Amino acid sequence: MKKSLAAAVLAALASVLFFVAPAYAATGLHISGTDIVEANGQKFVMRGVNHMHTWYANQTNSFADIKAAGANTVRVVLSGGRWTANSAADVQNVINLCKANRLICVLENHDTTGYGEDAAAYTLDQAVDYWIGLKSVLTGQEDYVVINIGNEPIGNTNPGQWTAATVDAVKKMRSNGFQHLLMVDAPNWGQDWQYTMRNNAQTVLDADVQHNLILSIHMYAVFNTAASIVDYLNTFKNNGWPLIIGEFGWRFDSSQVDHETLLAEAAARDLGYLGWSWAGNTDPILDMAIGFDPDQLSTWGERIFNGPNGIKATAREASIFGGVQPSPSTSSPSSSPSPSSPSPSPSSPSPSSPGGQGCTATYAITGQWSGGFQGEIKVTAGIAAINTWTVTWSFANGQKVSNAWSADVTSSGTTVTARNAAWNGKLAAGTTTSFGFLGSWTGSNTVPAVTCAAA
């Protein structure tokens, strides 16, 4: 009798232990609370960029370059037929490249971009059919791959349709056996300015029987104030909804996203972010690596990879790759276009000009298009530390600066004067900072000589 009773007690205890198994018993990457965690329970915060693979499938070196720049994640643009379709073999190769370079791979179907407003866009249901066709190469990759069902799946026309379409897509993915962490984008071209995703987030999350889904907001011009960013992020935090910033650009003019607030808030909240984009944009302002060259980072590339709260300062490699997990360092803070052809190669920088007061400067054209261009100037302190710097140059061909960032830039006739911003004037001996600008040109766009003075 005692033996039977003991057996019953042990059986009951085993049953309890079984049902309270820890969350990390789940398959691969999954959601725990508002966090992404790995199968072993290790928290994982995405720090990476988007790569437009479907239009630049030959740029396979980009995976290694993105990793070398410091990223732990890459979001890979794929197509199921709106553009040249990425086959199962190609997707398998993408996954292999991600794994070889120790990157978590977010695969997204770009065909759905702007549905309801863009007549060429596919439905979310069609996107799910694409994933089903790839199931043979996706199954078993749950530790390494996140499936972003459809990019910016609804435009600004009837964004309310997003909720039902997303619920149906999530259910269809699960009914077809996908165990992966799923990511879903907001409507309004990803920016959710009518708050459809924000107001219906719980409905979509509840549709996933595996409770393994993260919501994705894309932040561009709609989020051009600190208040708009903080308010949106707070709503998700206060409701306990998992969120990632799946795309964002930078503030190349005052109407654009406040990327400084975005990066600082993401770092403070351990919120994942994936910047747009590595290279290949029709408008080169959003390119991080000019011409896919990792040694030619644009102002945007330098900022997101090497600046405060940027990728290099905060990224932590996924533990699935078996590497040492250093604690990330943090620093105080100081709509994706469709591509066509890559921007022209950047010009060679002007020779460094000796600064009579302890600094040198180099000028480079980092992107150029009909009537417009992007310039970048790097300022380097000499053999002693400096507190302020001023760079001057004169345009010989009638070029004009239209706006600038990371410096106070003024023009008087052909002469342009740039003074440091409040946060980048102090430089240790031999260290470098940079600022950028947009300009106009006609006829020719020669590189001017620049001078630098410091105090």
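The exercises below work through a sheet and a helix of one structure.

This is a predicted model, in which local features need pLDDT of at least 70, side-chain atom pairs count only at pLDDT 80 or more, and totals for chains, interfaces and linings use all residues. Residues are numbered from 1 along each chain as its sequence is written, and side-chain values use heavy atoms, with hydrogens and water left out.

**Exercise 1.** Work out in which order the four strands of the open sheet lie, and which strands form its edges.

*Solution.* Begin with the terms: helices (H or I, at least four residues) and strands (E, at least two) are DSSP runs, numbered from the N terminus, and two strands pair if DSSP finds at least two bridges between them. Next, read the order, which is 11-12-17-14, with antiparallel pairing. The edges are then strand 11 (359-369) and strand 14 (400-405), each of which pairs on one side only. Finally, look inside the sheet, where nine bridges join strand 12 (residues 372-381) to the antiparallel strand 17 (residues 432-440); Lys378, for instance, has Ser434 in strand 17 as its bridge partner.

**Exercise 2.** Find which residues of helix 7 (residues 196-206) are buried, and explain why they lie on the same side of the helix.

*Solution.* First, list the residues that are buried (under 20% relative accessible area, with a 1.4 Å probe and protein chains only): these are Thr196, Met197, Arg198, Ala201, Val204 and Leu205. Second, consider their arc, taken from the directions from the helix axis to the C-beta atoms: because they cover only 130° around the axis, they fall on the same side of helix 7. In general, an α-helix has 3.6 residues a turn, so residues three or four places apart point the same way. Third, note what covers these buried residues, including helix 6 (162-175) and strand 8 (213-219).

Methods: Buried < 20%, exposed > 50% of the residue type's maximum accessible area, 1.4 Å probe, protein only. Contact = heavy atoms within 4.5 Å.
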